[in-house]
Amino acid sequence: MPKIMKSLNYVSRSQAMFIADAFLRKGIVDVSAAHWPLIWSVYRAPGRSQEEISHDICLDKSTVARSLVQLEERGYIVRIPKTEDKRCLLVYPTEKIYELVPTLRTIVSDWYDHILDGMTDEELEVFHSVLVRIEKNAKRATTHGGAKT
């Protein structure tokens, strides 16, 4: 199992490097590869709370809050206090996100072309089903307090 986790981590880090390099080649310098999951989450579901975004992308709330401040300062999002609870901030994309998403889609599509090269549809289906099971187990472990006893 440790080999699987090492491989998943390597793929994840490689993806971040690929996206960062592609951003630079396209002249996108005000967002980093670390921002793209947030950008994608806000784009897909405008008006969610920071906590909901945190759960969506599996990052702690303080990391999400810091990154959202950066995106807000750079004009990619706006955060609006919820009417019922002013402490809860709802996050909405600005036009800058809508302009960036087509480029991001192209970059991610190129990444998939590279990493999935030579794999059959059947192999990808099996791999995906195994990853989904691992993901469910990970969610259960983090939701219910950790290790089995």
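Let me begin with Tyr92, which is partly exposed at a relative accessible area of 30%; buried here means under 20%, exposed over 50%, and partly exposed in between, with a 1.4 Å probe and protein chains only. The model is a predicted one, in which local features need pLDDT of at least 70 and side-chain atom pairs count only at pLDDT 80 or more, while totals for chains, interfaces and linings use all residues. Residues are numbered from 1 along each chain as its sequence is written, and side-chain values use heavy atoms, with hydrogens and water left out.

Tyr92 lies in strand S3, residues 89-93. Helices (H or I, at least four residues) and strands (E, at least two) are DSSP runs numbered from the N terminus. Together with Val78 and Ile80, Tyr92 makes a nonpolar surface patch of about 220 Å². A patch joins residues with over 30% relative accessible area and no salt bridge, like charges within 9 Å and nonpolar side chains (Val, Leu, Ile, Met, Phe, Trp, Tyr) within 5 Å. A salt bridge, in turn, is a side-chain nitrogen of Lys or Arg within 4 Å of a carboxyl oxygen of Asp or Glu. Areas come from the Shrake-Rupley method with a 1.4 Å probe, and for residues only the protein chains shown count as cover.

I turn now to the charged surface. Asp121, Glu122, Glu123 and Glu125 form a negative patch. Glu125 belongs to helix H6, residues 121-143, and it counts as exposed because its relative accessibility is 58%. Across the protein chain there are 21 positive and 20 negative side chains, and the centres of these two sets lie 7 Å apart. Lys and Arg are taken as positive and Asp and Glu as negative, leaving out His and the chain ends; each charge is placed at NZ of Lys, CZ of Arg, CG of Asp or CD of Glu.

Next, is Ser49 buried or exposed? Ser49 is buried, with a relative accessible area of 8%. Ser49 sits in strand S1, residues 48-49, and, leaving aside residues up to four places away in sequence, touches Cys88, Leu89 and Leu90. Contact means heavy atoms within 4.5 Å.

Finally, the chain as a whole. The protein chain has 6 helices and 3 strands, arranged along the sequence as α-α-β-α-α-β-β-α-α. The C-alpha trace spans about 45 × 45 × 20 Å along its principal axes. Of the 149 residues, 27% count as buried.
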